[in-house]
Amino acid sequence: MTPFGTPWLAFADTLRAFCVAGGIALAVGAGFRLISHGSTSPTVRCGYLALAVLGVSAIGTEYQHLGDHVTYRLWCNTAGVALGLAAVVLAVRERNR
C-alpha cells in the first residue's frame, strides 16, 4: 500500500513517523544517559540500555512497515516509545533537582 494513501493510513503512518523520530531520540537520549552517568546503579543502567534497545527496535520495525496495515505492534511501539521518552525526561528532571 502507498504510505499516507488513505486517511486511516495517514494516521497510522504518522504514528510510525513518531515511533521512528521518538526511537532515535530514545536511543540517543538513553544512550547518552547511560554513558554520561556512570555512577548510577546497575539496575538503572540496565533500564537505560533497555530503553535504547527499544528505541532502535521501534525505528527499524516501523520504518520497514510504513504503509502497511495496522497491527498490535504499532500500538505497542507507540506506547513503548512514548513511555520511554517520558521516563528519560523525568530522570533528567529528577537528576537536575
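**Note on charged, aromatic and cysteine side chains**

1. Glutamate 62 has a relative accessible area of 0% and is therefore buried (buried means under 20% relative accessible area, exposed over 50%, and partly exposed in between, with a 1.4 Å probe and protein chains only). This glutamate forms a salt bridge with arginine 73, with the closest N and O atoms 3.4 Å apart (a salt bridge is a side-chain nitrogen of Lys or Arg within 4 Å of a carboxyl oxygen of Asp or Glu). Because glutamate 62 lies in helix H2 and arginine 73 in helix H3 (residues 72–95), the pair ties together parts that are 11 residues apart in sequence. Arginine 73 is buried, as is glutamate 62.

2. On the source of the values: this is a predicted model, in which local features need pLDDT of at least 70 and side-chain atom pairs count only at pLDDT 80 or more, while totals for chains, interfaces and linings use all residues. Residues are numbered from 1 along each chain as its sequence is written, and side-chain values use heavy atoms, with hydrogens and water left out.

3. The secondary structure consists of three helices and zero strands (helices, H or I with at least four residues, and strands, E with at least two, are DSSP runs numbered from the N terminus). Read along the sequence, the pattern is α-α-α. The C-alpha trace spans about 50 × 20 × 20 Å along its principal axes. Of the 97 residues of the protein, 34% count as buried.

4. Which residue forms a salt bridge with glutamate 62 at 3.3 Å between the closest N and O atoms? The partner is arginine 16. Arginine 16 lies in helix H1 and glutamate 62 in helix H2 (residues 42–64), so this pair ties together parts that are 46 residues apart in sequence. Arginine 16 counts as buried because its relative accessibility is 0%.

5. Arginine 16 also meets the side chain of aspartate 13 in a salt bridge, at 2.9 Å from N to O. These two residues are three apart in helix H1 (residues 7–36), which means that about one helical turn separates them. Both aspartate 13 and arginine 16 are buried. In general, side chains of opposite charge can pair when their charged atoms come close.

6. A search of the whole structure finds three salt bridges. Asp13, Arg16, Glu62 and Arg73 are linked by salt bridges into a network.

7. How many aromatic pairs does the structure contain? The count is two (rings of Phe, Tyr and Trp, the last by its six-membered ring, pair if their centres lie within 6.5 Å; planes under 30 degrees apart count as stacked, over 60 as edge-to-face and the rest as tilted). One of them joins phenylalanine 11 and tryptophan 75, whose ring centres are 6.4 Å apart and whose planes stand at 40 degrees, so the pair is tilted. Since phenylalanine 11 lies in helix H1 and tryptophan 75 in helix H3, the pair ties together parts that are 64 residues apart in sequence.

8. Phenylalanine 11 is partly exposed, with a relative accessible area of 42%. Tryptophan 75 likewise counts as partly exposed, at 41% relative accessibility. Trp8, Phe11 and Trp75 form one aromatic cluster. These residues also form a nonpolar patch on the surface, with about 360 Å² of accessible area together. Patches are made of residues with over 30% relative accessible area and no salt bridge: like charges are joined within 9 Å, and nonpolar side chains (Val, Leu, Ile, Met, Phe, Trp, Tyr) within 5 Å. Accessible areas come from the Shrake-Rupley method with a 1.4 Å probe, and for residues only the protein chains shown count as cover.

9. The count of disulfides is zero (a disulfide is a pair of cysteine sulfur atoms within 2.5 Å). The cysteine sulfur closest to that of cysteine 19 belongs to cysteine 76 and lies 10 Å away, too far for a bond. Cysteine 19 counts as buried at 0% relative accessibility, whereas cysteine 46 counts as exposed at 51%.

10. Threonine 78 lies in helix H3 and counts as buried, at 14% relative accessibility. Leaving aside neighbours within four places in sequence, threonine 78 is in contact with Leu15, Phe18 and Cys19 (contact means heavy atoms within 4.5 Å). Among contacts in the protein between residues at least 6 apart in sequence, 74% join residues at least 24 apart.
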